[in-house]
Amino acid sequence: MEKISNNEALDLTCEDVGSRIELVFTPVRKDGFKGTSHKVLSDVIADAEPVGTDLVIPDCYEDKEVAPQKSYYGGIEGGGQYTWYQVTQELTDVELSDACDSLKDAIVLATSMTYIPKLEDVGAYLAVRWVPARKDGKLGKALIARSRLPVAPAPPAAHNVAIKELSPGVYIGEGEYYGGLEGNSQISWYRETEEGTMTMIIGANTKSYEVTDDDYTCRLYFGYLPIRLDGVMGELSLSEPSNVILPEVPKVQKLVLTGKAVEGEILTAVEVIPKSESQQIIWEKYRKDVKHQWLRSSESGAAVAFEPLLLQRSCSYKVRLEDVGCCLRCECVVTDIFGRSAEPVSAVAGPVSPGIPKIDKLEIEGRGYHTNLYAVRGIYSGGKEGKSKIQWLRSMVGSPDLISIPGEVGRMYEANVDDVGYRLVAVYTPVREDGVEGIPVSTSTDQITVEPEVLKEVKQKLELGAVKFEALRDRDRSPMKSQVQGLGSLERRILDVNRKRVKVVKPGSKTSFPNTEIRGSYAPPFHVELFRNDQHRLKIVIDSENEVDLMVQTRHMRDVIVLVIRGLAQRFNSTSLNSLLKM
């Protein structure tokens, strides 16, 4: 048993409920003498009626939990009944005391002991009806309390601020406002350079934004400055940065090959640009280069593969002999100034057909003197070359006429005295191996001049005006006999020439006098002939009945003799000696 008090009176508490109270009375005389104690035991202490003695709602704020401040009496408190209301005006004391009628038009918000005010409660009053309850379920009389002030809005803030790409080049900013009713919140956009410098974009004050040239290589931020309806301003919230802003990659709608897939022709790759305005601008402003690669097909089993052609990276390609029968493909890749490349596009042409036989860059190689060897060179195209035709001719300077040189149909030609003063012309007719002929092409040399050493000697003899040469005459003109007998049939002769005439004299011997075998002036039909198969022989023709074949020891001597005779006979020729000898 526990002693709880020494007083004459005792206030019972809830801790006494369910127990008995024993009172012990001990009389004490004035002088302090104590008498016999008497005890009285009470009945079991019962609970008092549940009563709410006080109920207050503290100041309320949006989105912050509020709990009523209350006092209870009447045994151990149980779980009371709570009902929260939204009321549009302040309740009077009379209304507060009338638990039944004061809240009949109010909006019921919750039935829990605590309540979190929402945006809809901002500006309104909150009221709570509390029915106290004892632990055993006994209910007391209901109490009503209301907030001293209307529910206050939360500080303005922006949540979940983000940036999204709506379409290529168009972005939209998003964010959720919080803190009472929203007023004129402010929107802003920022760009951040690669170096980290951030600047506000002037004039960008709506939730959508279309990128400009200044934004490329930068990142975008969306800014949301929350402002409450009453003008209270919150803190600026920025989104996470966007990806680096870049324009679309330049695209090729398709690649077209112009030209014929024929050997010798030129194929050209042409890019077809999409017609959209954005792609037109991108190609104009941001395209860096267009790279091409040509490939040739090669059969590998049942599949056809393409192999790159080395160094063939331009937009044009001249079809070559080795392409005949194959397909050609051109791949195109477009790169922009930001280093990005579009997906490759390609086009195929072929199979390639052999071209019409053709000879390009035809030229004659040689030094330009009458003793030199000349060769014709050119670049053939048009399938595999067959037996192309070549003809050498002479052309007088200033005259369109061409003089064919009989028998000269090879790629090489050895000039001679007859060519002095003329241009050598080679006509090349390209022929494919199947016999198809192309268009003949001609080329020519400069005017053929006399070899310097020969020219020097000819000038000296022409200045003299009269000169004699030693020569040999074959008694039998048959070439076969000449070859068999060697020099046995050759006889010595003197060729005597001056400005008026020419004569061939057989020298005298011990048994005979000198004998003039032929003599004549330079008047037509006088001329001197050469033998192309023998560089030591020449023929002097006075007329149809007077002519003589002579031989000399060297080609040099033969050339000197011919040029001296032609020089002395110049007054009968249409070509002057100065022009002939380039004097």
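1. Of the 583 residues in the protein, 39% are buried, where buried means under 20% relative accessible area, exposed over 50%, and partly exposed in between, using a 1.4 Å probe and protein chains only. The accessible surface comes to about 34200 Å², and carbon and sulfur atoms hold 51% of that area; accessible areas come from the Shrake-Rupley method with a 1.4 Å probe, and for residues only the protein chains shown count as cover.

2. The model is a predicted one, in which local features need pLDDT of at least 70 and side-chain atom pairs count only at pLDDT 80 or more, while totals for chains, interfaces and linings use all residues. Residues are numbered from 1 along each chain as its sequence is written, and side-chain values use heavy atoms, with hydrogens and water left out.

3. The protein has six helices and 36 strands, both being DSSP runs numbered from the N terminus (helices H or I, at least four residues; strands E, at least two). Its radius of gyration is 63 Å, well over the 25 Å that the globule rule gives for 583 residues, so the protein is more spread out than a compact globule; the radius is taken over C-alpha atoms, and the rule is 2.2 Å times the number of residues to the power 0.38. Taken along the principal axes, the box filled by the C-alpha atoms is roughly 215 × 50 × 50 Å.

4. Among contacts with a separation of 6 or more, 58% involve residues 24 or more positions apart, a contact meaning heavy atoms within 4.5 Å.

5. Strand E25 (residues 389-396) pairs with E26 in the antiparallel sense over three bridges, and Ser395 stands opposite Leu402 in E26.

6. Strand E21 (residues 328-336) and E22 are likewise paired in the antiparallel sense, over five bridges, with Val348 in E22 as the bridge partner of Arg329. Strand E22 (residues 345-349) has Val345, Ala347 and Ala349 on its covered face, whereas Ser346 and Val348 lie on the uncovered one. In a regular strand, side chains alternate between the two faces of the sheet.

7. A search of the whole structure finds 32 salt bridges, each defined as a side-chain nitrogen of Lys or Arg within 4 Å of a carboxyl oxygen of Asp or Glu. One of them joins Lys138 to Glu49, with the closest N and O atoms 3.9 Å apart. This pair links distant parts of the chain, 89 residues apart: Lys138 is in the loop between strand E7 (125-131) and strand E8 (143-146), and Glu49 in the loop between strand E2 (38-41) and strand E3 (51-56). Lys138 is partly exposed at 37% relative accessible area, as is Glu49 at 48%.

8. Lys539 forms a salt bridge with Glu547, the closest N and O atoms being 3.7 Å apart; Lys539 is buried at 16% relative accessible area, whereas Glu547, at 27%, is partly exposed. Elsewhere, salt bridges that share partners join Glu414, Arg555, Arg558 and Asp559 into one network.

Methods. Pairing = 2+ DSSP bridges.
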